[in-house]
Amino acid sequence: MRIEVAAPEQMFNLGTSLAVHLKAGDLILVNGPLGAGKTVLAQGIGKGLGIDGITSPTFVISRTHKGVLPMIHMDAYRLIDTENPSLYLDDLDLDIENSVTVVEWGGAESARLSEDRLEISIDRTNEIRQVEIKAIGARWDGFAL
C-alpha cells in the first residue's frame, strides 16, 4: 500500500490511523532517510495508544512508554554498523510480546524479531513523501487502512 504524505501533520495522522489496528506483540519497522518523518509517525502511533511525549530514541536506543498498550520505540541506527547488531538487539531485553514495538532504521536484524510485521518505507525524494506499507505474515492478512 502506498500513501502520499504532504505535511508532518499527515504523517502524525497516519500513525494514529495505524494505532487502531495494533495489539500487543506487533512489530513495525520504519525506514527512511534523516528527516523523513519516522519519529513523527511513531509519535502518531503513540498518540493513538494514549501516549504523549515521544521523542527520538537515537541516543538511548530504546524507550518504553506506557499507554493503552505499552509501546517500545527503538532506533537501530547506531546498531547497524556494529559487529553483531542482532546480539546488541537481544541484549536490550525488550518485552516485545506484551508491547507494540516501533523500530526506526529497522533492517534484517530487527525483522527477525517477528515473522508478522509492518515494514514502512518513507521516500522523501520529493516534497510529498511516498510512504509504502508492506504487511508481512498471517497476522496482517487483509490489512487495510
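Accessible areas come from the Shrake-Rupley method with a 1.4 Å probe, and for residues only the protein chains shown count as cover. With that settled, I looked up the surface: the protein chain exposes about 7600 Å², and 49% of that area is supplied by carbon and sulfur atoms.

**Ground rules.** I am working with a predicted model, where local features need pLDDT of at least 70, side-chain atom pairs count only at pLDDT 80 or more, and totals for chains, interfaces and linings use all residues. Residues are numbered from 1 along each chain as its sequence is written, and side-chain values use heavy atoms, with hydrogens and water left out.

**Overall make-up.** I checked burial next (buried means under 20% relative accessible area, with a 1.4 Å probe and protein chains only). Of the 145 residues in the protein chain, 41% are buried. For contacts (heavy atoms within 4.5 Å), I looked at pairs at least 6 apart in sequence, and 63% of these join residues at least 24 apart.

**Elements.** Helices (H or I, at least four residues) and strands (E, at least two) are DSSP runs, numbered from the N terminus. I find 5 helices and 7 strands in the protein chain. Along the sequence they follow the pattern β-α-β-α-β-β-α-α-β-α-β-β.

**The sheet.** Two strands pair if DSSP finds at least two bridges between them.

**Around E6.** Do strand E2 (residues 27-31) and strand E6 (residues 117-123) pair in the parallel or the antiparallel sense? They are parallel, over 4 bridges, and I noted Glu119 in E6 as the bridge partner of Leu29. With strand E7 (residues 129-136), E6 pairs in the antiparallel sense over 7 bridges. Here I found Ile120 opposite Ile133 in E7. A hairpin through 5 residues joins E6 to E7.

**Around E1.** E1 and E7 run antiparallel and are joined by 4 bridges. In this pairing I noted Glu4 opposite Gln130 in E7.

Key. Buried means under 20% relative accessible area, exposed over 50%, partly exposed in between (1.4 Å probe, protein chains only).
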